[in-house]
Amino acid sequence: MPYKPVLNTYNLPEFMESSLYETDFYAWTVQQSKLLQERCLEQLDFINLIEEIESLGKQQRQELRNRLTILIGHLLKWDYQLEKRSKSWFITIRNQRREIYILLKDNSSLQPFIPEALKLSFLAGLDLAVAETSLRDRDLPSESPYTVAELLDPTFPPSLTKADF
């Protein structure tokens, strides 16, 4: 059944009616996909399509920063609270590395962004470690003690082994 737009039930002047993009995003995506499949380029909502495509790229970069933040936070906890190391921290570190690997495998063009993402994620990782432990900012390094290679290395640090659990 073809999509029929909602009628102007509020008797608004035509210029005040919202676009489908603003009123029903899902319906808009279905409509735009169909228009693309049918090659009806003149009917596409280019302004919002461009915005959404750019947003998708930004989401991938944000996903990388989020994963690095969690990884860094848990590595800091692991390195600075030896007596409280737990299986949960180990699993979180392993899982974040796995998710970063998958994200980079699926989005190889994110590779050059990793050093910048590391800088942006380090402070958030510090905040995570401080929030979840008795550690204070002054107990932790002011710059990342981890290189990109170390962060992505499943054998780093050497004390991080499955045999401990």
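This is a predicted model: local features need pLDDT of at least 70, side-chain atom pairs count only at pLDDT 80 or more; totals for chains, interfaces and linings use all residues.
Helix α3 spans residues 46-80, and helix α4 spans residues 87-106. The two helices pack at an angle of about 155°, and their axes lie 9 Å apart. Because angles over 145 degrees count as roughly antiparallel, α3 is described as roughly antiparallel to α4. The crossing of the two helices is left-handed. On the α3 side, the residues in contact include L64, L68, L71, L75 and W78. On the α4 side, they include W89, F90, I93, I100 and L103. By class, the contact between α3 and α4 has 12 nonpolar, five polar and five charged residues.

Q32 is located in helix α2, which covers residues 25-37. The relative accessible area of Q32 is 3%. Since buried means under 20%, Q32 is classed as buried. The side chain of Q32 comes to 2.9 Å from the backbone nitrogen of D45. When neighbours within four places in sequence are left aside, Q32 is in contact with L44, D45 and L49.

R39 lies in the loop between α2 and α3. Its relative accessible area is 64%, and because exposed means over 50%, R39 is classed as exposed. The phi angle of R39 is near 60°, a positive value in a residue other than glycine.

A further backbone feature occurs at F156 and P157, which are joined by a cis peptide bond with omega of about -15°. P157 belongs to the segment that follows α6, a helix of residues 148-152.

Terms used:
Residues are numbered from 1 along each chain as its sequence is written. Side-chain values use heavy atoms; hydrogens and water are left out. Helices (H or I, at least four residues) and strands (E, at least two) are DSSP runs, numbered from the N terminus. Buried means under 20% relative accessible area, exposed over 50%, partly exposed in between (1.4 Å probe, protein chains only). A polar contact is a pair of N or O atoms within 3.5 Å; within protein, one must be able to donate a hydrogen and the other to accept it, and residues adjacent in sequence count only if both atoms are side-chain atoms. Contact means heavy atoms within 4.5 Å. Axes are lines fitted to C-alpha atoms, for helices over the stretch in contact, and angles run from 0 to 180 degrees between N-to-C directions. Angles under 35 degrees count as roughly parallel, over 145 as roughly antiparallel, 65 to 115 as roughly perpendicular and the rest as oblique. A crossing is left-handed if the near helix is turned anticlockwise from the far one by less than a right angle, and right-handed if clockwise. Ala, Val, Leu, Ile, Met, Phe, Trp, Tyr, Cys and Pro count as nonpolar, Asp, Glu, Lys and Arg as charged, and the others, Gly among them, as polar.
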